Amino acid sequence: MKEPTFRPAPAPETFNPAEPAEFAPVNFASDNVTGVAPEILEAIVEANRPQGAWPYGNDDVTGGLNERFSELFDTEAIVYPVATGTAANALCLSLVAQPFNTVYCLKHSHTNEDEGGAPEFYTNGAKLVPVPAADGKMTAAALEAAIGEVGGGGARLPHVMEAAAVSIAQVTECGTVYSVDEVQDICAVARANGLFVHLDGARFANAVAALGCEPSEITWQAGIDLMSFGATKNGAMAAEAVLLFNEDLEETLSRRRMRGGHLFSKMRFVSAQLARYVEDGLWLQLAANANAMADRLAAGLAEIDEIAIEYPVDANMIFAALPGDIAERLRDAGFDFYDWGDPDRPNIRLVCAFNTDADDVDRFVEAARR
Ligand SMILES: Cc1ncc(COP(=O)(O)O)c(C=O)c1O
């Protein structure tokens, strides 16, 4: 299946809150157009204690994160809060790739195409090497072939760059979800070639909710060494984390986080979001709504002849090919979304979120059908 060109169009002109549409504009452009889940907002307020707290992560909330995440992942996990997924990815890769190393990823991965060179910057020049994808996923076989091509072996060193790591995203950029077996197979190839495996989990909650598995099964038990654990897209204000399952990497992470400008003096406000996010299963409840709404939306759109859904809708993202007049009608009706690729066969991306409303989904389908 063809890969879309991952170039979001500028925000559509129709998105002007000053001009009320028939009903309030509903924005399906991304899951980061949303506000903050009330539970997380409350946790931020709760962290705002008049007596203050020790800075730079020496507060109680940050101090409790390792234990919380260790329980959640059923192993010793080390948590370093950061504010963006780009920072989490770039910091992670800087721990496993030297300037003379390569990192296997996908062409359309966020790391390769959407982070402005942050991974290259943080690694001081490691090279990202794209592996062919199917439905947004790397396969173990494609990884193995790519490793063979570049010459993972040492015969041509120091002329070639040496492979050091693999980075995959879960949920993928096409909205698909790797099964536990698929992740295990990729990690097995990586392990056999001495490579670390990084997981970009900007939408990790949506993947776990979709798979119905334990977080451990799809991460360290499958062979993931470290991950970017996302929360912002699923209800936090700005909270992501570098999560290590390998304690040997922590000292370097500590230095790199400081050097990279991500050691927050008021860390507790980021930590409070993460702590609440994983408490009482909130993260999975929020993700379950996003996934259920995407299912509902995909099912409704699939009944319309002129609309083709491009990839399996495994989680909370839909890529659809639809004629321009339908897209225009939807925008006129007050819906926003990104154009995504091919101008001859307009492609749009629709993303559902933790607070997407079923009535809005149904109105979208209705407006598309008319
Ligand atoms: C797959 C993926 N990884 C990481 C990110 C994190 O990016 P940001 O730096 O905007 O938080 C995003 C955001 O769009 C994403 O889609």
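The structure discussed here is a predicted model.

**Ligand site**

By that criterion, the residues around the ligand are Thr84, Gly85, Thr86, Asn89, His110, Glu173, Asp200, Ala202, Arg203 and Lys233.

| Residue | Ligand atom | Distance |
|---|---|---|
| Threonine 86 | oxygen | 2.6 Å |
| Histidine 110 | oxygen | 3.3 Å |
| Lysine 233 | oxygen | 2.8 Å |

Taken on its own, the ligand has 390 Å² of accessible area, and the protein covers 78% of it.

**Four-stranded sheet**

Elsewhere in the description, four strands make up an open sheet with antiparallel pairing, in the order β11-β12-β15-β14. Strands β11 (308–309) and β14 (338–339) are at the edges and have a single partner strand each, so one side of each lacks a neighbour in the sheet. Strands of a sheet are paired through backbone hydrogen bonds, in either a parallel or an antiparallel manner.

Isoleucine 309 is located opposite alanine 320 of β12. Helix α12 (residues 282–302) packs on the sheet and touches β11, β12 and β15 (347–351). The direction of α12 makes about 15° with that of β12.

Between β12 and β15 there are five bridges, again with the strands antiparallel. Here phenylalanine 319 stands opposite arginine 349 in β15. The other neighbour of β15 in the strand order is β14. Two bridges join β14 to β15, and the two strands run antiparallel. Aspartate 339 has isoleucine 348 of β15 as its bridge partner.

**Burial of β15**

How many of the residues of β15 are buried? Five of its five residues are, and the strand is mostly covered. In a regular strand, side chains alternate between the two faces of the sheet. For β15, Asn347, Arg349 and Val351 lie on one side, while Ile348 and Leu350 lie on the other. Both faces are covered, with these residues all buried. Burial here means under 20% relative accessible area, computed with protein chains only.

Notes:
Residues numbered from 1 in each chain as written. Predicted model: local features only at pLDDT ≥ 70, side-chain atom pairs only at ≥ 80, totals over all residues. Heavy atoms only, no water. Pairing = 2+ DSSP bridges. Contact = heavy atoms within 4.5 Å. Axes fitted to C-alpha atoms, helices over the stretch in contact; angles between N-to-C directions. Near = heavy atom within 4 Å. Polar contact = N/O pair within 3.5 Å; in protein donor to acceptor, adjacent residues only side chain to side chain. Areas by Shrake-Rupley, 256 points an atom, 1.4 Å probe, with all protein chains shown as cover. Buried < 20%, exposed > 50% of the residue type's maximum accessible area, 1.4 Å probe, protein only.
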